[in-house]
Every structure is written in C-alpha cells, then in structure tokens.
Amino acid sequence: MDYKKAGVDIEAGYKSVELMKEHIKKTMRPEVLTNIGGFSGAFSMEAFKNMEKPTLVSGTDGVGTKLKLAFILDKHDTIGIDCVAMCVNDIACAGGEPLFFLDYVACGKNVPEKIATIVSGVAEGCAQSNAALIGGETAEMPGFYPEEEYDLAGFAVGVVDEKDLITGKELEVSDVLIGIKSSGVHSNGFSLVRKVFDMTKESLNTYYEELNSTLGEALLAPTKIYVKALRDVRNANVKIKACSHITGGGFYENVPRMLPDGKRAVIEKKSYEIPAIFKMLANKGEISEEMMYNTYNMGIGMVLAVNKDDVNKALAAIKAAGEEAVIIGHIEDGEKGVTLC
C-alpha cells in the first residue's frame, strides 16, 4: 500500500504546480519576493510606506454552488474569475487596492490539466484586479469529494491609507446613488437557480433568443471585477462616500451595510433595464419580486454614493474603465435601510 493507492497522487500535484506557473506569471507585481512552490508568499510593503497610515484590508470567499454548472458543462476556465471577484470587490468597497491573492482548490482527484485550467481563471481575475497570485493550495481528498468535483475558495489582501477608507460616515441627504451593471447572476443564489432550471447538459446548452446565448453561458458568465472602475472614479477626484457590493442577500441586505444610522437609500427600480436572465428566473421559478431583490443583484453589481456635483465625473470615469453605470437613486434622512420604489 502507498499514498497513490490510497487515492492521492503526489506526482499529479507536482505536475499541477508546473502547469499553473505559466498562468501565474502574468499576475506578478514587483513587490512579490517569493516564487510559486514555496511554503508561503512574501510581499514587500516598501512601496506603501509613504502613506500617512497604511491600512490592510482583506476579503475571503468562495464560488458556492455555481461550481455545479461548471461540473455539468465541464467548463472550468472562468470559475476562478468568480473566486477572485468575490474577494477583491469587497476590498474595493472599502477603498482598498488589492495587492495579492491566494487560492484553495480541494478536489476528489487531482487531474493536473483541470486544476491548471481552474487556476488560469484565478490568474485572469488577478490580472484584471492587478493583484499578484502569490500562492495557494491544491488538496486532493479522495472519499471526501467525488472524483469529478472540487471546491474553490480564495483570500485577498489590499491596502488603503486610513484617511481614504470608504465608511459611509460622510453621507448626506441628496447624495446620488450610482449603480455599476453586473454581467448576470454573478456568484450568488445558485442553490435557487439550480431548483428553477433543469441542471442537465441538454438544458444548459439550450439557446435562448432573449439571452442571446445558451442558458449555461448566461449563468456561467464570470462575476464582474470592479476594482479598475472604482480606482478610476477616485483618480477623477471624486470622493466615493459609500459603496456596496451586491452579492448574496441582494439589495435588501447589502445596501444598508454601506449606510450610517439615520440615512436611508432610495432606489428606483425603473432606472435601468433588468437583464433577461433575471426575468426568466423569476418567471420560471414563480419567484416574487421582493425575493428576487432579496437574493440577486438584478443587474447591478456595485452601488456607490457620491455628491450630486460629482455624478457626471463619476459616470465618465466608469465608462472610461469599460463598465456601464446608471443613476439609480439617492440618499434621504430616515431609518437605516433601503426603499425600492
């Protein structure tokens, strides 16, 4: 008996690391001090010592049951983008710049080519957010996961000068809410998605005119990464007073998280066109409108509050960053929370 006969192939692990390296290279930053394959990743803070009060911000998350669709379609090249997005978007919400990322892949059987494909998506997400992929872990766990399945999670660290933290404390009445559009369902609510739609290869490969894609392509569209858009808004000398990443819990849970006591967000549902995938999901699943807004991003992945005089500059900066944004509401005095009207 040996480890391989027990289900863990050490040689496959070595091969996975070698195949990953070509993808990881494109994420490197000058601050990275270590090579992939060591016991830890080292990152120099020398470049940030001129900040008044350099402050680390962090985020960790996984992809959730969206992975089930990747298994069915045997498509693993973009799921890593979702993992990175869920972490770095939270860092960007605090005003932080992502610095580095680590991933964790746990699988039933280590197929080096599949693991490298997954990590290629992680590397792409890191490249989009200018974060270095400085390390990670691939755990082969036979008997715990089915051979064809895996889980994917990650952890990111960023930096911000303390004075530039986005806290919501300076929100005022008449501040304007800008919504940056999503790419679709992103990475939340897939337990409900999987109850509504048939999770078969045939169903997911069905083309729908209203989606302009197959159902699987629409659902697997990778989560938008908003790091560049928010950075460009700040670089346009626009103060982002508050910011919310619309993830699990939709508008009702996430928007209040960016508000101080005594301020209420008012969002106009008709201020933008709801993407077809959400309409299809609601209709087929007979899901109430309130539940949809309490579960999904409904086409808006990031909400930011700015002074009314800065709206045009903010919209122009977001457009220049390659994203679409619309005015979706404003701030009022009132009980902390959100009104959708």
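**Exercise 1. Is Cys87 buried or exposed, and what is its relative accessible area?**

This is a predicted model in which local features need pLDDT of at least 70 and side-chain atom pairs count only at pLDDT 80 or more, while totals for chains, interfaces and linings use all residues. Residues are numbered from 1 along each chain as its sequence is written, and side-chain values use heavy atoms, with hydrogens and water left out.

*Step 1.* Buried means under 20% relative accessible area, exposed over 50%, and partly exposed in between (1.4 Å probe, protein chains only).
*Step 2.* The relative accessible area of Cys87 is 0%, so Cys87 is buried.

**Exercise 2. Determine how many disulfides the structure holds.**

*Step 1.* A disulfide is a covalent bond between the sulfur atoms of two cysteines. The criterion applied here is a pair of cysteine sulfur atoms within 2.5 Å.
*Step 2.* For Cys87, the closest cysteine sulfur belongs to Cys83, at 5.3 Å, which is too far for a bond.
*Step 3.* The search of the whole structure gives 0 disulfides.

**Exercise 3. Classify the ring pair of Phe43 and Phe100, then that of Phe144 and Tyr145.**

*Step 1.* Rings of Phe, Tyr and Trp (its six-membered ring) pair if their centres lie within 6.5 Å; planes under 30 degrees apart count as stacked, over 60 as edge-to-face and the rest as tilted.
*Step 2.* Phe43 and Phe100 are 5.2 Å apart, centre to centre, with 45 degrees between the planes, and their pair is tilted.
*Step 3.* Phe43 lies in the loop between helix 1 (10–24) and strand 1 (54–62), and Phe100 in strand 2 (residues 97–107), so the pair ties together parts 57 residues apart in sequence. Helices (H or I, at least four residues) and strands (E, at least two) are DSSP runs, numbered from the N terminus. Phe43 and Phe100 are both buried.
*Step 4.* For Phe144 and Tyr145 the centres are 5.2 Å apart and the planes stand at 65 degrees, so this pair is edge-to-face. Phe144 has 59% relative accessibility and therefore counts as exposed.

**Exercise 4. Describe how the buried residues of helix 12 are arranged.**

*Step 1.* In helix 12 (residues 311–320), the buried residues include Val311, Ala314, Ala317 and Ile318.
*Step 2.* Viewed down the axis, the buried residues fall within an arc of 130 degrees, so they line one face of the helix. The arc is taken from the directions from the helix axis to the C-beta atoms.
*Step 3.* On the other side of helix 12, Asn312, Lys319 and Ala320 are exposed.
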